[in-house]
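Please read the numbered points beside the sequence and the model.

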Amino acid sequence: METIKKAKLVLVDNRIISTVRNKLMPFAENIEGFKSKGITYNAVSCHPDVFIHQSKNSNIIAPNIPSKIVELFNKKHIPYQFGESTVGTDLIGSTPYNCIVTEAAILHKKGFTDATILNINTNATFINLPQAYSRCTTLVLRHGLAVSSDHGVLKKLRTHNWEVLYFDPSDIRIIDHRNGFFGGCCGIFNNTVFTLGNPLLHQDGEQFHDFLTLHSFKLEILSNEKLYDGGGILFF
């Protein structure tokens, strides 16, 4: 039987953790619900991707991230450094860490990115997206390959010769809003895409599954309900 490599830590929206914990257990040593209070607005207060920028080579975290997360990183020997921007309640305050960095590019809306992220990725091409919630809207499988629920992001990435699949955001659940974003439903670990909810219940689900299969990614569905935007599933 194949041994499953486990992440040291997985962070997921505290409001949905009870429905996905059991499915995540084979893939993680520790699973923690992320939550904050009085820092940003309610819809994203439990979204790890609002407070943490995660890329292959770095974890940049907001200086006002809940102290429990810093303690977990230290306990699990997960490397990190603090960014310069504090998370706040407006658009610019809730998006400085919500960018995507690949080996060759930074994907974000210009003027919204935390300075620390920019300073450690000076050799990367900045692709100026029309959406500051870049990580929320878009799942990057690898450089040049993505799934997005934002038409503007899709159009921009295609001008840079990216292959991008569109996933309609209608019917994606989120607290306090009519619908959420697709990227916030997902996480990637060991060439497997994990989803909060079942994408196959969505009109674009089969196309998404075929897209993953075509590009040699597996799909792990964490709960059999409509997709939920929880600010991603972060594996460390």
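1. Two strands are taken to pair if DSSP finds at least two bridges between them. The model discussed here is predicted. In it, two bridges join strand E4, residues 58-61, to strand E5, and these two strands run parallel. Within this pairing, isoleucine 61 has phenylalanine 82 of E5 as its bridge partner.

2. Strands E4 and E5 belong to an open sheet of three strands, in the order E3-E4-E5, and the pairing in this sheet is mixed. Its edges are formed by strand E3 (52-55) and strand E5 (81-82), each of which pairs on one side only.

3. A further parallel pairing involves strand E13, residues 192-195, and strand E14, residues 218-221, which are joined over four bridges. Threonine 195 is bridged to isoleucine 221 in E14. Together with helix H7, residues 205-214, the strands E13 and E14 make up a β-α-β unit that is right-handed.

4. The largest nonpolar core contains 26 residues. The members that touch the most others are Leu11, Phe51, Ile52, Ile65, Ile69, Phe73 and Phe236. Helix H2 (48-51), strand E4 and helix H3 (67-75) each contribute at least two residues to this core. Helix H3 gives the largest share, with four residues.

5. Phenylalanine 236, one of the core residues named above, deserves a separate look. Which residues does phenylalanine 236 contact, when neighbours within four places in sequence are left aside? The contacts are with Ala7, Lys8, Leu9, Leu11, Ile52, Gln54, Asn59, Phe73 and Ile78.

6. The cysteines should be read with the cut-off in mind: a disulfide requires two cysteine sulfur atoms within 2.5 Å. By this rule the model has zero disulfides.

7. Are cysteine 136 and cysteine 186 buried or exposed? Cysteine 136 counts as buried because its relative accessibility is 2%, and cysteine 186 counts as buried because its relative accessibility is 0%. The cut-off for this class is under 20% relative accessible area.

Methods. Residues numbered from 1 in each chain as written. Predicted model: local features only at pLDDT ≥ 70, side-chain atom pairs only at ≥ 80, totals over all residues. Heavy atoms only, no water. Buried < 20%, exposed > 50% of the residue type's maximum accessible area, 1.4 Å probe, protein only. Right-handed = clockwise from strand over helix to strand, strands pointing away. Core = buried A, V, L, I, M, F, W, Y, C linked by side-chain atoms within 4.5 Å. Contact = heavy atoms within 4.5 Å.
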